[in-house]
Amino acid sequence: MAKWLLLDGYNLAFRAFYGMPELTRADGFPTGALHGWMKTIWRLQDQMSPDAMLVFFDLGGSQDRLALLPEYKAQRKETPEALEKQIPLIKELTRALGLVGVELDGVESDDLLAAQARALADAGHEVLIVSADKDFAQCVDERIKILQPPPTANPKLGWRVMDTAGVVEKFGVAPVRIAEYLALIGDTSDNIPGISGVGPKTAVKWFAEFGTLEGIIAHAAELKPERFRIEVAARAEDLRRNLKLTTLLTASPLPHVAPSEPAREKLCALLEAMEMRSTLNEAQTRYTGQRELF
């Protein structure tokens, strides 16, 4: 079976943007994220030797989640203008590389990626989800793992694979409990309010004692510290709503998506138009027929 890399497009685009200097074309158009994007794609291909790669992007917010919680992700800052300008070109480069760029209006890219990962794993493939987003920890099993980018504070650590044991080590709960864990403690990055004052240590203790989120709710009167008993019981429906918000899709609204061959001429034309000369030279070396993308 094949080894697939599924890339969280915006997560990696932001890293590419902040990880590069403020490079520009002669007319001032920003190109730093484009350089970082190409370096990231090629580094992944060289280091991980995948049989196939796909990239997933957001087109808009999740209508289902917004219906449950209108404030969902409402606190997020606007994308920096310089990056916003480069996103359409990142998508063009992605398509020219043969990596498709999967997106669907009204459905979050995390859901599309998670569902594709599940389908590929069920078909017997090995899947690496390339992202720093903790939500994907719920997808991890014997066939699906997470490939974490190098941490900004310590880039020398390099790319790291997180398996089931790694999820338990990091979060204190198994992958199957991650969505429930996030529902309980909340997720500030998505503006999901958990039980105020309940942090990871308390949550892990409760899951160890009562097994599941429903188990915690059912035993609210036994929780320790005692100050949480009334609030957990009173907010049972909020916690169940939170679980719907934190749970990623396992069935895709899209048909199976497969990568294509790189469009060498289009790729080189894009790089030339953006005056990315060193990256263009690298592309010409890679795609002369002596070296294939997959």
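**Exercise 1.** In this predicted model, identify which residues of helix 2 meet which residues of helix 4, and describe how the two helices pack.

*Solution.* Begin with the residues: on the side of helix 2, Gly 32, Ala 33, Leu 34, Trp 37 and Met 38 take part, and they meet Leu 83, Gln 86, Leu 89, Ile 90, Leu 93 and Thr 94 of helix 4. Sorting the residues of this contact by class then gives eight nonpolar, three polar and no charged. Turning to the geometry, the axes of helix 2 and helix 4 (residues 81-96) lie 9 Å apart and form an angle of about 35°, and the crossing is right-handed.

**Exercise 2.** Determine how helix 2 is oriented relative to helix 13, and which residues make the contact between them.

*Solution.* The axes of helix 2 (residues 32-48) and helix 13 (residues 277-286) come within 11 Å and cross at roughly 30°. Because angles under 35 degrees count as roughly parallel, helix 2 is roughly parallel to helix 13. The crossing of these two helices is left-handed. Helix 2 contributes His 35, Met 38, Trp 42, Gln 45 and Asp 46 to the contact, while helix 13 contributes Thr 279, Glu 282, Ala 283 and Arg 286. By class, this contact of helix 2 with helix 13 holds three nonpolar, three polar and three charged residues.

**Exercise 3.** Decide whether Cys 139 and Cys 268 are buried or exposed.

*Solution.* The cut-off needed here is that buried means under 20% relative accessible area. Cys 139 has a relative accessibility of 10% and therefore counts as buried; Cys 268, with a relative accessible area of 17%, is buried as well.

Note on methods:
Residues are numbered from 1 along each chain as its sequence is written. This is a predicted model: local features need pLDDT of at least 70, side-chain atom pairs count only at pLDDT 80 or more; totals for chains, interfaces and linings use all residues. Side-chain values use heavy atoms; hydrogens and water are left out. Buried means under 20% relative accessible area, exposed over 50%, partly exposed in between (1.4 Å probe, protein chains only). Axes are lines fitted to C-alpha atoms, for helices over the stretch in contact, and angles run from 0 to 180 degrees between N-to-C directions. Helices (H or I, at least four residues) and strands (E, at least two) are DSSP runs, numbered from the N terminus. Angles under 35 degrees count as roughly parallel, over 145 as roughly antiparallel, 65 to 115 as roughly perpendicular and the rest as oblique. A crossing is left-handed if the near helix is turned anticlockwise from the far one by less than a right angle, and right-handed if clockwise. Contact means heavy atoms within 4.5 Å. Ala, Val, Leu, Ile, Met, Phe, Trp, Tyr, Cys and Pro count as nonpolar, Asp, Glu, Lys and Arg as charged, and the others, Gly among them, as polar.
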